[in-house]
Amino acid sequence: MVHAIEFRDVTKTFKGAGYSAVDHVSFTVEEGEFITILGSSGCGKTTLLKMINRLYEPDDGKVLLSGTDISSVDVVSLRRRIGYVIQQIGLFPHLTVGENIATLPKLLKWEKEKTAARVDELLIMAGLAPDEFRNRYPSQLSGGQQQRVGLARALAADPGIMLLDEPFGAIDSITRTKLQDELLALHGGMKKTFLFVTHDIEEALKLGTRVMIMNGGKVIQYDTPEQIIRNPADAFVRSLVEAARAKEQFWERFV
Amino acid sequence: MRNLVILRLCGYNKTVSDSMWKGCVAMYQQIAEYFQTSSERWFSMLAGHIGLSAGALLPAIVIAVPAGFLCVRYARLNRPVTALFGTLRIIPSLAVLLLMLPVLGTGALPAMAALVLLAIPPILANTIAGLNGVPDFMLETAVSLGMTQEQVWWKIRFPLALPLIFAGVKTAAVEIIASATLAARIGAGGLGDLIFTGIGLFRTDLLLIGGGSVAVLSLLAGLLFGLLEKMCIRYKTI
Ligand SMILES: Nc1ncnc2c1ncn2[C@@H]1O[C@H](COP(=O)(O)OP(=O)(O)OP(=O)(O)O)[C@@H](O)[C@H]1O
Ligand SMILES: [Mg+2]
C-alpha cells in the first residue's frame, strides 16, 4: 500500500547543534488523514514539517510522498503541490488579498477568468465576502481574517497535502474555536491530507484523526486521540493528558 | 545718563531698521529687475541645473540599486562595497569635484561624475537595508508557495524594498541638487553660475536669486518624489 506521506528513519541536525532537531523518525500518513503534531517548544515539530516541502533537507533517511522519494523530484513543482501555512501567516503586504490568494495560480499561468473565479470561491469558503475583501491589503484585515486568507492562499491550487504550523497560535480563543470547526468542515469536504502542528493538547485531540506526540526530536506516541487518552505511552504523554484533565476539572467546579 | 543710552540705542536701532527696510526694497527692485531683463538666462541656468542633477541621479540609481542587490545576494561583498562608497562620501563634494579635474578636465562630465559618486551611498545603503528588511518567514512563505529564487527577488523582495529605495533616491536627489551648485566652479553651468557671479561681483541680489532657486528646486524635488512614492506604493498610504 502506498502512503500519502512516509518518513523513513529521518534525522536532521542543525549545524553546530549538539543534538538532533528530528531524531530517527519513522511514520506513515494515509491519504485523507488529519494528523495533529503535538509537543513542547523546540521539540522539532516545525523542522519535521519543513522537511516535507524541502525547506529543510534531512541529513539522514528518506521522506516519501505517494511512494516517491522527494529528494528526487523537482523542488519547485513539489512545493506547488503542497499547501503551507505558518503562524506568522506571511501574507505579502504589497499585494491585495485577491493577489495574495492568486499567487500560485499566477505562477502556474492559469487563465485570468479561472484565477479570478478561484479567488472568489476560496474567499467564500474562508467566510470572507469577495466584493468586500478582494481588493483590501493585508494591513486592512484583522488577525483572524489574515489567517483565513493565508489558508485560502495555501489551498489555491488544490494541493493534496496541507502543512499547517500553528496557524491559530496568535488568535483569540473564540475565533480559534470557530476556525478549528471551519478547518474540520473543510477537511471533511476534501480528500486532502492535513498535518497540523500545535502545542495545545485540546486542539490536537479535537482536530486529529491521529495525534503525533513529539519530545526531544523523537515521536513518542502516534495514535488516535482515544488511544492517547486511554493508554499514554509514557510519563510525558501522561502529564500532557493530565494537564488537559486538570483544566477540565477547573471548569467543572463552576457547573 | 542711562536714559540717554537707551535713547541712543533706540535711535541707533531705528536707523538700522530703516536702512534695512530701504535695503530690502532696493533688493526687491533689483531682483524684480533681474527677472525682467534676464529671465531667459535664469531659465537656461535652471534647466542646466536640472539637467545636471537628473543626469547624475539616473546613473547613480543604475549603479547603486544593482550594487545593493549584489551586496545582499553575495553577503561577502557587503562590507567592502559599502566601505568604498562610504569613504568616497566622506570627501567633501567640492574636493571630489576638484579631484576630478585632472582626470576628466572641466565641464559637465566631471561634475556629473562627482555628483554620481555623491549620490550612490544613500541609494546603496537604502537598497541594502530594504532588501535585508524583508523578514525571513516571508521569504520562506514565498519559496514554499513554489516561487523560484528569481521570482522571490522580483515579486517579493524588490517590491517590498521599494519604499526604502525610493527614500534613498529622494535623499540623493536633494543632495545632488544642492551640490550641483558647486559644479559651476568647474564650468558645468547651472544655478551655481549665478551664485559664483554674485560672490565675484558682491551682488547680493544674484546670490539670493541663485540660492533661493536652488532651495526651491530641492524642495520641489522632495515633493515630487513624495508624490511619486504615494502613487507607486499604494499599500503604505492606506
Ligand atoms: N534554522 C535553524 N538553525 C539552527 N537550529 C534550528 C533551526 N531551526 C530550529 N532549530 C533548532 O531545532 C530544534 C527544533 O526546532 P523547531 O523549530 O523544529 O521546534 P518546534 O517544535 O517547532 O518549536 P516551537 O513549538 O517553539 O515552534 C530547536 O532546538 C531549535 O533551536
Ligand atoms: Mg515551530
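Colleague: How many salt bridges does the structure hold over all chains?

Modeller: The structure holds 17 of them, counted over all chains. Keep in mind that this is a predicted model.

Colleague: What makes A:Glu33 and A:Arg210 a salt bridge?

Modeller: Look at the distance. Their side chains meet at 2.6 Å, N to O. The cut-off is 4 Å, so the pair passes.

Colleague: Why is this pair said to tie together separate parts of chain A?

Modeller: A:Glu33 sits in the loop between β2 (22–29) and β3 (34–38), while A:Arg210 sits in strand β9 (residues 210–215). The two parts are 177 residues apart in sequence, so the pair ties them together.

Colleague: Why is A:Glu33 called buried?

Modeller: Its relative accessibility is 12%. Buried means under 20%, so A:Glu33 counts as buried.

Colleague: And A:Arg210, buried or exposed?

Modeller: Buried. A:Arg210 has a relative accessible area of 18%. That value is also under 20%, so the label holds.

Colleague: Let us turn to the two chains. How many salt bridges are counted between chain B and chain A?

Modeller: The count is 1. A:Lys50 forms a salt bridge with B:Glu140.

Colleague: How do you know that A:Lys50 and B:Glu140 form a salt bridge?

Modeller: The closest N and O atoms are 2.8 Å apart.

Colleague: Where do the two partners lie?

Modeller: A:Lys50 is in helix α1 (residues 45–50) of chain A. B:Glu140 is in helix α5 of chain B, so the pair joins two chains.

Colleague: What labels do A:Lys50 and B:Glu140 get, and why?

Modeller: A:Lys50 has a relative accessible area of 9%. This is under 20%, so A:Lys50 is buried. B:Glu140 has 23%. That falls between 20% and 50%, so B:Glu140 is partly exposed.

Colleague: Which residues of chain B lose the most area to chain A?

Modeller: B:Ser144, B:Leu145 and B:Tyr235 do, with 30% of what that side buries together. The area buried between the two chains is about 1,900 Å². Carbon and sulfur atoms give 70% of that area.

Colleague: How many residue pairs are in polar contact across the interface?

Modeller: The rule finds 3 residue pairs, both residues at pLDDT 80 or more.

Colleague: Why is A:Lys247 called partly exposed?

Modeller: Its relative accessibility is 45%. Exposed means over 50% and buried under 20%, so A:Lys247 is partly exposed. A:Glu202, at 38%, is partly exposed too.

Colleague: Which residues form the nonpolar patch on the surface?

Modeller: A:Phe250, A:Trp251 and A:Phe254 form it, with about 390 Å² of accessible area together. A:Phe250 lies in helix α11 (residues 235–252) of chain A.

Methods:
Residues are numbered from 1 along each chain as its sequence is written. Chains are lettered from A and ligands numbered from 1 in the order in which they are written. Side-chain values use heavy atoms; hydrogens and water are left out. Patches are made of residues with over 30% relative accessible area and no salt bridge: like charges are joined within 9 Å, nonpolar side chains (Val, Leu, Ile, Met, Phe, Trp, Tyr) within 5 Å. Accessible areas come from the Shrake-Rupley method with a 1.4 Å probe; for residues, only the protein chains shown count as cover. Helices (H or I, at least four residues) and strands (E, at least two) are DSSP runs, numbered from the N terminus. Buried area is the accessible area (1.4 Å probe) that two parts lose on being put together, summed over both. A polar contact is a pair of N or O atoms within 3.5 Å; within protein, one must be able to donate a hydrogen and the other to accept it, and residues adjacent in sequence count only if both atoms are side-chain atoms. Buried means under 20% relative accessible area, exposed over 50%, partly exposed in between (1.4 Å probe, protein chains only).
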